Amino acid sequence: MEKMNTTWMRDFYLTELSDLPEVRISLFVMILLIYLVTLAGNGAILLAIGTDDHLQTPMYFFLSNLSLLDVLCPTVTVPKMLQIFLSEDKRISFAGCMLQLFFLIDVVGTEIFLLAVMAYDRYVAICSPLHYRSIMSKQVCAQLAAGTWLTGIINSMVHTSLTFTLSFCGLNKVNQYYCDIPPVMALSCSSTYLPELVRLLVAGILGSGAFLVTLISYIYIISAILHMPSTEGRRKAFSTCGSHLTVVFLFYGATIATYVRSNSTYSPKQDRIVSMLYGVITPMLNPMIYSLRNKEVKRALVKALSPKRF
């Protein structure tokens, strides 16, 4: 009991992106600008979808969920990173580290499942257009969205509880700019066999399941598109699905590189680069890739921001 209390009272120390003082201000400005662009881009999509009746469809409903996740993902890590840049105080409390890890894994897991649901939605829209409205009803969409968020929370609770019941020794310096499973687990002086096994099993079952749903959906989608008689129809379908596939490859590639491996292959420098891709860069790019090129979204956004509206 005494050992557990000591663990709870101990702080962790995060690692900066760079130890060079001369680039600290430049990095601070760059990360802040990326974060603000992310908030603006995803906020614009949420505003457009929320205020335009023409965008009240399953595709845009799931897209609004994706935009919300893309706001939450960098919000979990970036403010603390910016605070470290300014104050140089790298400490984070045990409870703060646990909460940061919990919300990060929650958001990442939810997005993985949501991308699979979005692929299924596109499959139904393209392969069964006549039955689309009956299959993807409002009730079904709400249940699918709620299921992705609930699964993300349960998944995160399992990993967080297993990670933070470990014993931690030494300086507790996290080799990452935020608390994540691999760098926190690397600090443990107790056996990490069970948490690692559970992480790999969950990634293998749930992650692979979501990936298979996405992959199979797109095999059918591409086959259906190639058999379309209209060139314009094929172009429009490829445009929508191509955007989704770009988002999928960016996100899946980065998360697989981070979580689907053992602690023995953990590389702090490599992880910092990969985590910047899926945790900071991808949420900024998603609105540009997926929505802001879409004429319907741009029209809705112009309408929402029109002076006449106010």
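Is Cys 127 buried, exposed or partly exposed, and what is its relative accessible area? Cys 127 comes out as partly exposed, with a relative accessible area of 28%. Here, buried means under 20% relative accessible area, exposed over 50%, and partly exposed in between (1.4 Å probe, protein chains only).

1. Ground rules. You're looking at a predicted model, where local features need pLDDT of at least 70, side-chain atom pairs count only at pLDDT 80 or more, and totals for chains, interfaces and linings use all residues. Residues are numbered from 1 along each chain as its sequence is written, and side-chain values use heavy atoms, with hydrogens and water left out.

2. The disulfide. There is 1 disulfide in the structure, a term that stands for a pair of cysteine sulfur atoms within 2.5 Å. Such a link is a covalent bond between the sulfur atoms of two cysteines. Here the partners are Cys 97 and Cys 179, with 2.0 Å from S to S. The link between Cys 97 and Cys 179 is left-handed, at -120° about the S-S bond. Cys 97 sits in helix α4 (residues 94-127) and Cys 179 in the loop between α6 (138-164) and α7 (181-185), so the bond ties together parts that are 82 residues apart in sequence. For the labels, helices (H or I, at least four residues) and strands (E, at least two) are DSSP runs, numbered from the N terminus.

3. How covered the cysteines are. Cys 97 is buried, at 0% relative accessibility, and Cys 179 is buried with 0% too. Cys 73 also counts as buried, with a relative accessible area of 1%.

4. Aromatic pairs. The count comes to 11 aromatic pairs. The rule is that rings of Phe, Tyr and Trp (its six-membered ring) pair if their centres lie within 6.5 Å; planes under 30 degrees apart count as stacked, over 60 as edge-to-face and the rest as tilted. One of them is Phe 94 with Phe 168, edge-to-face at 6.3 Å centre to centre and 70° between the planes. Phe 94 belongs to helix α4 and Phe 168 to the loop between α6 and α7, so this pair ties together parts that are 74 residues apart in sequence. Both Phe 94 and Phe 168 are buried.

5. Phe 102 and Phe 103 form another edge-to-face pair, with 5.3 Å centre to centre and 75° between the planes. Phe 102 is buried at 17% relative accessible area, while Phe 103 is partly exposed at 41%. Have a look, too, at the cluster that ring pairs make of Phe 12, Phe 94, Phe 164 and Phe 168.

6. Asp 121. This residue is in helix α4 and is buried, at 1% relative accessibility. Leaving aside neighbours within four places in sequence, Asp 121 is in contact (heavy atoms within 4.5 Å) with Pro 58, Met 59, Phe 62, Tyr 132 and Met 136.

7. Ala 48. You'll find Ala 48 in helix α2, buried at 0% relative accessibility. Beyond its neighbours within four places in sequence, Ala 48 is in contact with Leu 55, Val 297, Ala 300 and Leu 301.
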